[in-house]
Amino acid sequence: MSNEKMHIDPYEKKFMIIGIAVLVIFAISITIAGFMLGIQVPSPGQLIDPNTVASEGPYSDPGLKELSPGNYELYIRAEASPWRFYPDEVTVPVGSRVTIHVTSADVQHGFKIQDTNVNFMVLPGQESTLTYTFKEVGEYPYICTEYCGVGHQNMYGVITVE
Amino acid sequence: MFKTEKKLVGWHIVLALTGLGLGSLFGPLQAWEHAGWNLYPSLQPYIASYYQGLTLHGILNALVFTTFFITGFLSYITATSLDRPLATPKLSWAGFFVMVAGLVLAAVPLLLNLASILYTMYPPMMAPWYFYVGMVLVVVGSWMSGWSIMITFAKWRKDNPGKTAPFQAFAATITMVLWQVCTLGIAAEMLMLVLPWAFSQQLGDGSIGMDVQLARTLFWFTGHPLVYFWLLPAYLSWYGMMPKQADGKLFSDTMARFAFWLFLLLSTPIGFHHQYVDPGVPAGWKYLHAILTYAVFFPSLLTAFNVAASLEIGGRKRGGKGLLGWIKNLPWNDPSYTAQNLAMIIFIFGGAGGVINASYNVNLVIHNTAWVPGHFHLTVGTAATFSFMGIMYWLVPHLTGKAIQRKVALWQAWLWAGGMLIFSRGLHWIGLLGAPRRTMLGVAIENYGTGEWQVASLMTGVGGTILLISGLLFFYVIIHGAFFSKEEVSVEIPVAEPLHDEVVPAWLNNWKPWLIAVFALIIVAYAPMIINLVTDGAAFSPGFDVWG
């Protein structure tokens, strides 16, 4: 069996150890960032019926709802006919903690608030949810990031923080 | 020798290059649109929109060109490497004709702007049912050619008990087994979700809807290993052919085989790293796939070391001295070698970007931005496509017996490398600034972009122009070489010898444990989530046309 042992060059062995070490460091980094610092990817929200979403439930009357001072819920409905987010203009006071809920009434869309880590897919049948605290005054465009038809490039809204 | 196989690979290349030629024409149109020069309105009524062009570009380049080239190339190499004809040539030809039939069926709605749904075909955007039937036939045809390769390999093993198969045939067969395993995802998506839905919506009473999250999950089951289906034939050449072209030897045959086994094992159970921002998949599953994605980076690291060491042997044999001085002694006057070596160097950046994409929460910064096409033009668009161009620079003269114009081909190679670095740098940059992918950026910039976006998008326009010139030169070289060249030439298939007379350990020749491990890992990584998505009672969607 001794000649069945794998031949590995000493330099290659060192290269492998360094490579594995680098990958382990990466894995530890994303783990700390995700599970200790709370920089997390989205997890499932509620299931939604896309066929009735525009006529019943919270998405039939989307927009900003104040839960308590400085604490908001924002419902956004994405539609491809025409290509729009409902609503596409939102104003919140600086320092607001906003829980954003987005779903689609038709095809797949994307949702990304520029210059933040808020970035997720918007699918019919599913609710995408993430909470973000707006600490700085300014205009934050939120854009559709998934191809949703010939008007896709015009699909965006703006959150104004004042 | 190998008359049938030569004809087979020749016809595959004709179809592959037809796809690449037509698909690539749309590339510069997209790049110019980003830079503010939109030519699409002048293409009406033949091409209806930017997005129809983008769909043709993605499907013809990333699916049609690659699948035809890889299927033909691997069929031929399996036969020549084992030094025996394909065991079932009729099956290979049948596979080819099924692929062609599928291509025609899918091409009609694509060209008529009835299926402008991009190469991901995300439901509930709905193309005509025969578009999906066409795509299914392309995959089934490639399976049939793959079965022919596997049968040939198995017969060789039966006739040569206890022997280690030649590396090229081994690598070709692993690639086709990987393709067979990973396409089970898209086969399930098409046969169980998309076709019943399209038939019902278009021909029936519309009672069958679409579970969108489940369809995405099945698509990406295939979507990531698809990347390795593109890459492994290039690796076959980098390990098994290029060392010979550089007068070197394969540094470690054993580790090369080990890397291929790891790709087979690890490239499928990692698809959720394309779905980090999907609403319907819990973070824990995404995290598991993130860690497994890091694991599949390991065999690429092995490849970097082994291939570089193999080429160094060649560079030194050709008189190269010093720590890095051997690099200039590599055969830079050979366009086949040069294209592939440049592809390899550019792939270092592609691989590094890939680790960033795979890095779970870091992915939030770039997901669905222009960074992503910037990335995959370095991988499929260069590491794979550019290597295939390099391979064709010896393969086409080998088949036709006529020389190509090597000087023009060398210009083509350097222009591709330079153009791609500029083009891809522009897309990476604008993506980091927040520009979405698959979007008419020329319009989007005015909606929500900044001045800096315009500089970056100008880079994509310049790079795209250089790539167009390089692409035209490539087709000139191949067409001139194949049909108009008078210079007779006899080109042999490069076959790299291993450096050492290695005894390959038995566990690297034994398929059964590896295949059991492949399916076990897939079940662990996918089965619970897929069962959950099937049974979660999510509402179904009808079909939509949002591009007509």
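This is a predicted model: local features need pLDDT of at least 70, side-chain atom pairs count only at pLDDT 80 or more; totals for chains, interfaces and linings use all residues.
Local features need pLDDT of at least 70 and side-chain atom pairs count only at pLDDT 80 or more, while totals for chains, interfaces and linings use all residues. Residues are numbered from 1 along each chain as its sequence is written, with chains lettered from A and ligands numbered from 1 in the order in which they are written.

**Exercise 1.** Work out how helix 1 and helix 3 of chain B lie relative to each other.

*Solution.* Start with the stretches: residues 3–34 for helix 1 of chain B and 89–111 for helix 3 of chain B (helices are DSSP runs of H or I, at least four residues, numbered from the N terminus). Next, take the angle, about 10 degrees, with the axes 11 Å apart (axes are lines fitted to C-alpha atoms over the stretch in contact, and angles run from 0 to 180 degrees between N-to-C directions). The two helices are therefore roughly parallel (angles under 35 degrees).

**Exercise 2.** Find which helix of chain B gives the most to the side touching chain A.

*Solution.* Begin with the totals: 59 residues of chain B are in contact with 57 residues of chain A (C-beta atoms, placed from the backbone, within 7 Å). Helix 11 of chain B gives the most, with ten residues.

Note on methods
Angles under 35 degrees count as roughly parallel, over 145 as roughly antiparallel, 65 to 115 as roughly perpendicular and the rest as oblique. Two residues are in contact if their C-beta atoms, placed from the backbone, lie within 7 Å.
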